[in-house]
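Have the sequence and the coordinates open side by side for this one.

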Amino acid sequence: MRRGWALVLLGLGLLALERPAVTPAVLHLPPDPRTLAGPRAVPIPPDNPQTPAKVELGRRLFYDPRLSKDGRVACASCHRPEFAFSDGGNPVSTGVFGRKGSRNAPTLTNVAFRQRLFWEGRSPRLELQAVGPLTAHHEMGMEPEELAARLSAIPEYARAFQEVFGEPPSLRTVAFAIAAFERTLLSFNSPFDRYQAGDDQALSEAALRGMELFFSERGDCFHCHVGPDFTDDEPRNNGLYTVYKDIGLAQATGRDEDVGKFKTPTLRNVALTAPYMHDGSKKTLREVVEHYNRGGEPNLNADPLIRPLGLSEAEIDDLVAFLESLTDTSFTTNPALLPP
Amino acid sequence: MRPLVWLGAVLLAGGLAAPVELRLSLRVGDQAFAWGRTYQTPQGQRYRIDLLKFYLSDLALVRPDGREVRVEGLVLAEFKPSAPTQGVPLMRFEAPPGEYRGLRFDVGVPRELNHQDAATQAWPLGINSGMYWAWNPGYIFYRLEGTAFLPEGSRKWVIHMGTDAFRLPVRLHDLQMRRVRLEIPPRGAVLVLNLDLGRAFWPGPGGVFLDWREPALRQLHGLSPQTRPWMSVVYHNMLDAFSLGE
């Protein structure tokens, strides 16, 4: 019975998230028989229509380190497919000339559906977000003129940009092509998805118990990790610290009440995206669940939902088992998403 | 009859407008700025400047009675190594001939433009400007980059001033003491602005200064909490970095 309620709540979450900020259109992708849930309608901005050629160009750019100042850092350097497009165990990423960032590279799983990007949600769309890593001093460190000149000198790129955009490479068109590729990073074939589709054997007993907890008021994960991607896209303070070195959303708003607020991350493929939190300070999923079970650290801005949960060790194990059931290996091995 | 009145008004208005060109000269202290030259902060740290870009907007000439002649538009000033640094044209506009007590402008992007979708904005705004700030709201307003020569070696530094809180109001007018006087004759005029690039590095209250030995202070970004006090010092220094030239 409780499982039934959980599914109802999940369904409500699905409905609640169906409010794309831009005109929705179905992504032009070949049907993937492995994606049991089928492609959802991906929001496509009217000024960047999706075409196969643009997606392919975006894929080449995504994996090309020539887009960086020292020619050694690609988007894929920090968003690696085998780790669900996160940075494979690194708390923070390494950019050009060995420069270190300050935040954990998030997964790009189903990033097409995110309505806010970056850890505190300061970017409203993929086309604008992509400019950040391309130009940031400690990431790829490129100037618009230098990027345009470098790509224009590569005949294949010069030709491809002309075909796709009708203009030469520029920071803008690079960002638009990468955004188009990122909208194809779709993952809906985890054991959880298969269970949802009717496969009663898809989840282990532990994962089933964990799912009950996840969607219950006791475990209380689902209020923030809601909907098909297990995120409400809202910035929240999860009580990670009492004093934050990185103040999160407050950097943008300047408001005290926003100190320590970071966006709720998706949990799809979360078992592949360690370490966790905005700074990669939690090494394992168990550490994360233990943090929430303790009720976090004292903080005036902590979300009201953060409180001691009273879960047993066995229940923590069950929650971890459920989180592991959100792993979609067909996503990390999909040839269409791997280096060309 | 009415068209003749209209035509007369247009001709009169045209006759009253004089062409004005605003130019910029870069300086460090009382010297003309030169690419590749090593300068020194008041604290004795040696540096070189490698890049300067900034937005100038909301320009207005100030009449002796305090009224303003506002100039529409926004320009992006760009200075890179080997480019001219003295008397560089920034913008051209028309203004009624006469006497003025100075001018004012902002370094930055007006708020109503600063928060639109940069992917849809035209030059000098937009993604290709190199001033779009993907992780902070809006654009970088003032972008100064260079190299510090430290005992441990040379280190890059950047100052990226932006967000609405750091839009810089530059006020180069004086109605009371009448120290500033701009004459725009009917044939037109050239107005020269000086920008002292070294001014950014002056110490602030309590002797706070941009000590490039501290790695965190080599990356000044808008609202970054780690560096906001130093950005505030730079901001207040920059209020006095512009002057009217000859």
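Searching the whole structure turns up 53 salt bridges over all chains, where a salt bridge is a side-chain nitrogen of Lys or Arg within 4 Å of a carboxyl oxygen of Asp or Glu. Before you click on any of them: this is a predicted model, in which local features need pLDDT of at least 70 and side-chain atom pairs count only at pLDDT 80 or more, while totals for chains, interfaces and linings use all residues. Residues are numbered from 1 along each chain as its sequence is written, chains are lettered from A and ligands numbered from 1 in the order in which they are written, and side-chain values use heavy atoms, with hydrogens and water left out.

Among the salt bridges is one between Glu56(A) and Arg59(A), at 3.2 Å from N to O. Both residues sit in helix H2 of chain A, 3 residues apart, or about one turn of the helix; helices here are DSSP runs of H or I with at least four residues, strands are E runs of at least two, and both are numbered from the N terminus.

Now for the interface: 4 salt bridges cross between chain A and chain B. One pairs Lys80(B) with Glu145(A), with the closest N and O atoms 3.1 Å apart. On the side of chain A that touches chain B, the elements giving two or more residues are helices H4 (126–129), H5 (131–135), H6 (144–152), H8 (171–182) and H11 (250–253). That side divides into 10 nonpolar, 7 polar and 9 charged residues; Ala, Val, Leu, Ile, Met, Phe, Trp, Tyr, Cys and Pro count as nonpolar, Asp, Glu, Lys and Arg as charged, and the others, Gly among them, as polar.

How much area do chain A and chain B bury between them? About 2,000 Å², 55% of it on carbon and sulfur atoms, taking buried area as the accessible area (1.4 Å probe) that two parts lose on being put together, summed over both. Leu128(A), His137(A) and Gln251(A) supply 26% of what chain A buries against chain B, more than any other three residues.

Back to H2(A), which has a partner. Its axis (residues 52–62) and that of H7(A) (residues 155–165) come within 10 Å and cross at roughly 145°; axes are lines fitted to C-alpha atoms, for helices over the stretch in contact, and angles run from 0 to 180 degrees between N-to-C directions. By class, the contact of H2(A) with H7(A) has 8 nonpolar, no polar and 3 charged residues.

Last, the backbone. Most residues other than glycine have a negative phi, and most peptide bonds are trans. Phe85(A), though, has a positive phi near 60°, and lies in the loop between H3 (75–78) and H4 of chain A. A cis peptide bond joins Ala274(A) and Pro275(A), with omega about 0°. In chain B, the bond from Trp123(B) to Pro124(B) is cis, with omega near 10°.
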